Amino acid sequence: MYFYFATRYENTVANYVFDMFNGTSNQVFATPFLNMLITWNNQDPVSTRETVRNNAIYNRQNNRNPFIDHPEYVALIWSTASDTQVPTIPTNLAASNIATTSLTLTWTASTDNIGVTAYEVYMNGVLKTTIATTTALITGLTENTNYAFYVKAKDLAGNSSGNTATINATTLQFFDIIPPTSPSSITNSAKTTTSLTINWSNSSDNIGVTLYDVYIDGVIQTSVTTTTATITGLTGLTTYSIYIKAKDAAGNISIASNTFSLTTCNCF
């Protein structure tokens, strides 16, 4: 409240004659009183009740106390000496919720004479992210890969703590067990005495279709990556039963398409 008063009434406070003030508008407080206020600010963190009251004041008056929202502003404005004390090293770094491409890191908060403002998270020795909390969601990882992590704390003056102990975490390997959908809409686009060209609609898959196996009379005849296949070496004026199965990169195979019957011609 005193810090808010000093900034709110900066243009007039130099005229106030009280022992707590030093007669200036850029310092406001006498050193003994300032030291006491800074000690209070450090030892008595903002409470939930103060935040609730600040929000209520804003709803009524449309203004608020910035030192309730950001108590670290005190050190920015009224620091009586340069801060050279580094934060303590974060502890209990751990990885959880490990998935194929992400994981969560948690640790125990550091302490500092003024206040910790950020934590830097390093992955494989490179800064990955900077956050203000003690939990970090790490995304964009590669499946079945080992990563090394450590964290360091920073304070308002830019002092950095030492590194936490490095931990290693391995992302999960993805196992694809979902087969593609069945190919559909088989059509004939060309035929000769000894060949047939067929087309069909794409199958879909959670990862991606890689091959289509074309069966003639129950025997696989060819495998293609597109939705068109030309079958050769056939006999003229002969009817063939054709169906197709789709495959994905994990080797999952779809249910066979509906059987399609085609007859070669006696073309001369």
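A nonpolar core is defined here as a set of buried Ala, Val, Leu, Ile, Met, Phe, Trp, Tyr and Cys residues joined through side-chain atoms within 4.5 Å, where buried denotes under 20% relative accessible area, exposed over 50%, and partly exposed the range in between (1.4 Å probe, protein chains only). The structure is a predicted model, in which local features need pLDDT of at least 70 and side-chain atom pairs count only at pLDDT 80 or more, whereas totals for chains, interfaces and linings use all residues. Residues are numbered from 1 along each chain as its sequence is written, and side-chain values use heavy atoms, with hydrogens and water left out.

The largest nonpolar core comprises 17 residues, of which Leu103, Leu105, Trp107, Val121, Ile138 and Phe149 touch the most other members. Two or more residues are given to this core by each of E2, strand E3 (116-123), strand E5 (135-138), strand E6 (146-155) and strand E7 (167-170); helices (H or I, at least four residues) and strands (E, at least two) are DSSP runs numbered from the N terminus. E6 supplies the largest share, four residues. A separate core of 16 residues lies apart from it and includes Ile186, Trp200, Ile231 and Ala246. In soluble globular proteins, nonpolar side chains tend to be buried together.

Contacts (heavy atoms within 4.5 Å) were examined for individual residues. With residues up to four places away in sequence not counted, tryptophan 107 touches Pro90, Thr91, Asn92, Leu93, Tyr119, Val121, Ile131, Thr133, Thr134, Thr135, Ala136 and Val151. Serine 102 is located in the loop between strand E1 (91-96) and strand E2 (103-108). It counts as buried because its relative accessibility is 19%. Beyond its neighbours within four places in sequence, serine 102 is in contact with Asn97, Ile138, Thr139 and Leu141.

Eight of the 10 residues of E6 are buried, so this strand is largely enclosed by the rest of the structure. Two strands are taken to pair if DSSP finds at least two bridges between them. E3 and E6 run antiparallel and are joined by seven bridges; alanine 118 has lysine 154 in E6 as its bridge partner. E6 and E7 also run antiparallel, with four bridges joining them, and tyrosine 147 stands opposite alanine 169 in E7.

An open sheet of three strands has the order E8-E9-E12 with antiparallel pairing. Strand E8 (184-191) and strand E12 (228-231) form its edges, each pairing on one side only. The twist from one strand to the next averages 25 degrees, with axes fitted as lines to C-alpha atoms and angles running from 0 to 180 degrees between N-to-C directions. Five bridges join E8 to E9, and asparagine 188 is partnered by isoleucine 198 in E9. Threonine 197, also in strand E9 (residues 196-201), counts as buried at 14% relative accessibility. Leaving aside neighbours within four places in sequence, threonine 197 is in contact with Thr187, Asn188, Ser189, Ala190, Thr228, Ala229 and Thr230.

Helix H2 (residues 31-43) has 13 residues and reaches 18 Å from its first C-alpha to its last, close to the 18 Å expected at 1.5 Å a residue; the expected span is 1.5 Å times one less than the number of residues. Its buried residues are Phe33, Leu34, Leu37 and Ile38. They lie on the same side of H2 because they cover an arc of only 135 degrees around the axis, the arc being that of the directions from the helix axis to the C-beta atoms. The buried residues of H2 pack against helix H1 (2-8) and helix H5 (73-78), while the face turned away from the buried side carries the exposed residues Thr31, Pro32 and Gln43.
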